[in-house]
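Here is a friendly briefing to read alongside the model. Please have the sequence and the 3D view open as you go.

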Amino acid sequence: MEQSKLQTILAENGLTFCNLHNKGRSLFTTKEFFPGEVIIRQEPYVSVPNNSSRGSRCEVCFVSDNLKKCSACHAVWYCGSSCQKTDWKLHRVECQALSNVEKGRLKYLTPSICMMVKLYLKRKLQNEKVIPASVTDNYSLVEALVSHMSEIEEKQLVLYAQMANLVNAILQWPGLNLKEVAENFSKLACNAHSICDSELRPLGTGLYPVVAIINHSCLPNSVLVFEDKVSVVRAVQHIPKGTEVVISYIETAGSTMTRQKLLKEQYFFKCACPRCIKLGQSDDIQESAVLEGYRCSNAKCSGFLLRDSEKMTFTCQQCGHVRKVDDIKQIASEVKTLSEKASTSQTAGNYEEARSLFTRVEELQLKLCHPFSLDLMRTRDNLMKIFMELKIWKDALFYCRLTIPIYEKVYIACHPMLGLQYYTCGKLEWLLGETDNSVRSLTNAADILRVTHGTNAPFMKELLAKLDEARAEARFKLQPVDED
């Protein structure tokens, strides 16, 4: 009955779901969608902020400013009375449960534990009709999610059992099904989504059971973004009627082998999208060697290397130069050590130290990695962010520009990561008085982000206003000067 009601709701929005062999439930269109059009949106069934030892967030809106801790349970934070009132029906019973936890054990309340407690409390309150349920917001949708319990390693099963016992200790409900709780932890791991702000910075985690029907592709036709905590799936290309809606579950900037490994470990499936079926073909081998491999020892050559395991060497496929494995290992080891130190310094806010370390990492990677290496791109991304923190805008722009050709190579044409990098570049160019360049970068950003994010997000309004201002200044500069 619940499934037929859901089908009715989806049909009103030009969608349907069906079961596919090897993929389970899948979402299909019953009408065509165009780039930027919203396919589906959903509130989370439950959600939690990413609270950590470095700071907390409001339980409702996820902001991190002007927070006050719940005086009873000491585990939940709010930014004000409005969010506290919004959450009260659920937190009233949650607070009683969390108050039973000893203060010294509050550190064990991870986001996953808190989310599971909320899951069972919401089910209880919906059953008691304290909190309303709906076709797209009820526990039966959670029950329908796949857990992959039969595919999980013994070590992880033991961990889920321990977590279930902790939830049981918090709730103290007689007869709580611990096996079901452990299975729900597996469902969360496979189906929950990281809630990000408009600039893709993670704020929390939410469970969206209807959105979870959407399958993965490394070449997606849609993108998942968030408006506050509401999940919004938008088309990034024309999607004809009768087409499966697919998003990406993972970071798609990576070789096919890397993507497949990540999907298998976290989601227990092998992707068969148009990108992944090329695994092992010559184009795929070259792409992997460029993105994650090493550079030719000939500084003037941009060829890619392939390993000869018998000779313990790497050979350039363009000019034939040879590099010894031991030489590469030595540099790679030094890069790893310095990168870890640099990341620690950056996280701690020691930006001068991080700048010095990442600069050294970049020097080594220029000797080690292909010019389009993802590791080199990430190092330059970090340097860009560090120079922005230090307000050294010229150097920040320099590194931003170095990353964009790689972003263009590894992301689809309408990917929010690419749009955001153009936006950063445009803002830096505007700040440094490069008006014409700023117009080009901000235009590229707007063309992508209005598709992925719409035009109502605050940062999009800021982007479009800045673009209008940059265009006006560019036109002004073209006007002839009066000669009196």
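In what kind of contact do the side chains of Glu363 and Arg360 meet? They meet in a salt bridge, at 3.3 Å from N to O. A salt bridge here is a side-chain nitrogen of Lys or Arg within 4 Å of a carboxyl oxygen of Asp or Glu.

This is a predicted model, where local features need pLDDT of at least 70, side-chain atom pairs count only at pLDDT 80 or more, and totals for chains, interfaces and linings use all residues. Residues are numbered from 1 along each chain as its sequence is written, and side-chain values use heavy atoms, with hydrogens and water left out.

**Salt bridges within helices**

- Glu363 and Arg360 both belong to helix α11 (residues 351-368), where three residues, about one turn of the helix, separate them. Helices are DSSP runs (H or I, at least four residues) and strands likewise (E, at least two), numbered from the N terminus.
- Glu363 is partly exposed at 40% relative accessibility, and Arg360 is partly exposed at 31%. The classes are buried under 20% relative accessible area, exposed over 50% and partly exposed in between (1.4 Å probe, protein chains only).
- Helix α10 (residues 325-347) holds both Glu340 and Lys336, four residues apart, about one turn of the helix. Their side chains form a salt bridge at 2.9 Å, N to O.
- Of this pair, Glu340 is partly exposed with a relative accessible area of 45%, whereas Lys336 is exposed with 53%.

**Other salt bridges**

- By the rule above, the count comes to 21 salt bridges.
- Glu199 pairs with Arg201 in a salt bridge whose closest N and O atoms are 3.8 Å apart. Glu199 counts as partly exposed at 31% relative accessibility, and Arg201 counts as partly exposed at 46%.

**A three-stranded sheet**

- Three strands make an open sheet in the order β3-β11-β10, and their pairing is antiparallel. Two strands pair if DSSP finds at least two bridges between them.
- At the edges are β3 (38-42) and β10 (222-227), each pairing on one side only.
- On average, neighbouring strands of this sheet are turned by 20 degrees against each other, direction ignored. The axes are lines fitted to C-alpha atoms (for helices over the stretch in contact), with angles from 0 to 180 degrees between N-to-C directions.
- Six bridges link β10 to strand β11 (residues 230-235) in the antiparallel sense, and Val225 stands opposite Val232 in β11.
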